[in-house]
Amino acid sequence: MLTREENELLCRVEGEAPMGQLMRRHWTPVCLIEEVAEADGTPVKARVFGEDLVVFRDSDGRVGVMDEYCPHRRASLVYGRNEEGGLRCLYHGWKMDVEGNVLEMVSEPAASGMAEKVKHKAYPVKEWGGMVWTYMGSQDAVPEFVPPRWAPTAEARVSIAKAILPCNWAQILEGAIDSAHSSSLHSSDMVPARVDGAKATANAWLRPSTDKAPRLQVQRGEYGFRYAAIRRPIKDAATNDYVRSTVFVAPATALIPPNNLYNVANINVPCDDTSTAFYFIAWGHPSQTPETETWRKFLRQTVGIDLDPYYRPLRNADNRFWQDRQAMKAGNFTGITGFPNQDIAMWVTMGAIADRTNDRLGASDLAIVEFRKQMLDAVRAFQSGETAIGTGDKAIPKEVCAYQAIVPKTTDWRTFEVSYVWPDGQEHPELEPSYSVKA
């Protein structure tokens, strides 16, 4: 368990909160590219670290990420006119470009020269991996954008499901890195089977184990940590182990063990202290990674069916997350369709910010303990003047990835030769077809 003060330090991200300031030292997703696909299209409202932003694509196809509120009288620019290379406020017609330059002040005399004296807050932008990214730290030292581990090259297919959830980022992240819960919460969707490794079908993910109590081992790195959840396999349990190795990439990304077709990841962007943009990602070779709509349908995360137009889940505590108790009686473990929705029900019912002072953690919570300890250590080090965890030379090495495999009991998972999922015979982006991760 944590003290109340530690829980606040871990969770709070708004304003000058140390964790939020640490997170601002990383390039951060603001929205999906699909939300601002159209030049001169409808501006999009975003909220990151408690800061209200407007995102838009101008006439030339450039994307802008700016303070939502007009520098004149603070009216919202989300309702503005996106036209002729800039965003025009409806109130008095002030117009800003993607860099925050004031192009026109139609309410002011041209001779005043006031437009040259005003600069609107705008952040740098990078489009990559289906997302619009920005850097919200000091604008005097903007680091180069480095592609995330789940979108190593432009050739990889990246399919993303997005949901805006009414709870703190840390409890979502803890769920993403918690391998033990999948054997219970997701047991009707991640089904035990006599297979030689995790397999993806159109309706389920098959797993070669019935073991619900994995043994956990952790290896810490400067970027975060990776850990192994070691289970008894269904076949040859006397001589083999089933290893699922998850990677936590600070501050808020999880590389999740893949299946046989594609890789899986999750990134959690704090909108503020009590809401989070949850992104669940399938990525890999285009020949075997599901397209976006197929991925969302599989997860039950389709806009207009499962989510409202603003990516907010239609399932919620008021309607019991559409839980089907008759299906539970018939054998479904949760009665909630779509395994992210099963997770969401757990995260949301913990409260807006989970109270970790009352936790009773066990051996299966080793990764949760490590996450809390590492991020509290990291934020205190950041407060004392050290660089943010996972930045610069502390970034995740290119050879680190999540994996799952049935291995002999004599094998050390830390040095087991692994690679992310990519078809045999196809050029492996960035990396050789396989590589060894050393302890």
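Analyst: Let us start with one residue. Arginine 74 has a relative accessible area of 43%. This is a predicted model. The exposed class needs over 50% and the buried class under 20%, so arginine 74 is partly exposed.

User: How do lysine 45 and aspartate 52 compare in class, buried or partly exposed?

Analyst: These side chains also meet in a salt bridge, at 3.7 Å from N to O. Aspartate 52 has 15% relative accessibility and therefore counts as buried. Lysine 45 has 45%, so lysine 45 counts as partly exposed.

User: What are the classes of lysine 199 and aspartate 196?

Analyst: Their side chains form a salt bridge, 2.9 Å from N to O. Lysine 199, at 24% relative accessibility, counts as partly exposed.

User: How many salt bridges does the rule count?

Analyst: Some of them are linked: Lys45, Arg47, Asp52, Glu68 and Asp272 form a network. The count by this rule comes to 32 salt bridges.

User: Now the domains. How far apart are the C-alpha centres of domain 1 and domain 2?

Analyst: The domain assignment gives domain 1 as 26-135 and domain 2 as 157-408. Their C-alpha centres lie apart by 34 Å.

User: What area do domain 1 and domain 2 bury between them?

Analyst: In contact terms, 17 residues of domain 1 meet 19 residues of domain 2. Carbon and sulfur atoms account for 62% of the buried area. The total between the two domains is about 1200 Å².

User: Which three residues supply 40% of the area that domain 1 buries against domain 2?

Analyst: No other three residues of domain 1 supply more. The three are His26, Leu32 and Arg47.

User: Which residue forms a salt bridge with arginine 47?

Analyst: Across the interface of domain 1 and domain 2, the rule finds three salt bridges. For arginine 47, the closest N and O atoms of the pair are 2.8 Å apart. The partner is aspartate 272.

User: Which element gives the largest share of the side of domain 1 that touches domain 2?

Analyst: Strands S1 (27-32), S2 (44-48) and S11 (131-135) each give two or more residues to that side. By class, the side has eight nonpolar, five polar and four charged residues. The largest share, five residues, comes from S1.

User: Which residues does glutamate 35 contact, leaving aside neighbours within four places in sequence?

Analyst: Glutamate 35 lies in the loop between S1 and S2. At 18% relative accessibility, it counts as buried. A polar atom of its side chain lies 2.9 Å from the backbone nitrogen of leucine 32. Beyond those neighbours, glutamate 35 contacts Val44, Lys162 and Tyr311.

User: Which residue caps the N-terminal end of H3?

Analyst: Helix H3 spans residues 169-176, and eight of its eight residues are buried. Among them are Trp169, Ile172 and Glu174. At the N-terminal end, a side-chain oxygen lies 2.9 Å from the backbone nitrogen of alanine 170. The cap is asparagine 168.

Methods:
Residues are numbered from 1 along each chain as its sequence is written. This is a predicted model: local features need pLDDT of at least 70, side-chain atom pairs count only at pLDDT 80 or more; totals for chains, interfaces and linings use all residues. Side-chain values use heavy atoms; hydrogens and water are left out. Domain bounds come from an automatic or database domain assignment. Contact means heavy atoms within 4.5 Å. Buried area is the accessible area (1.4 Å probe) that two parts lose on being put together, summed over both. A salt bridge is a side-chain nitrogen of Lys or Arg within 4 Å of a carboxyl oxygen of Asp or Glu. Helices (H or I, at least four residues) and strands (E, at least two) are DSSP runs, numbered from the N terminus. Ala, Val, Leu, Ile, Met, Phe, Trp, Tyr, Cys and Pro count as nonpolar, Asp, Glu, Lys and Arg as charged, and the others, Gly among them, as polar. Buried means under 20% relative accessible area, exposed over 50%, partly exposed in between (1.4 Å probe, protein chains only). A polar contact is a pair of N or O atoms within 3.5 Å; within protein, one must be able to donate a hydrogen and the other to accept it, and residues adjacent in sequence count only if both atoms are side-chain atoms.
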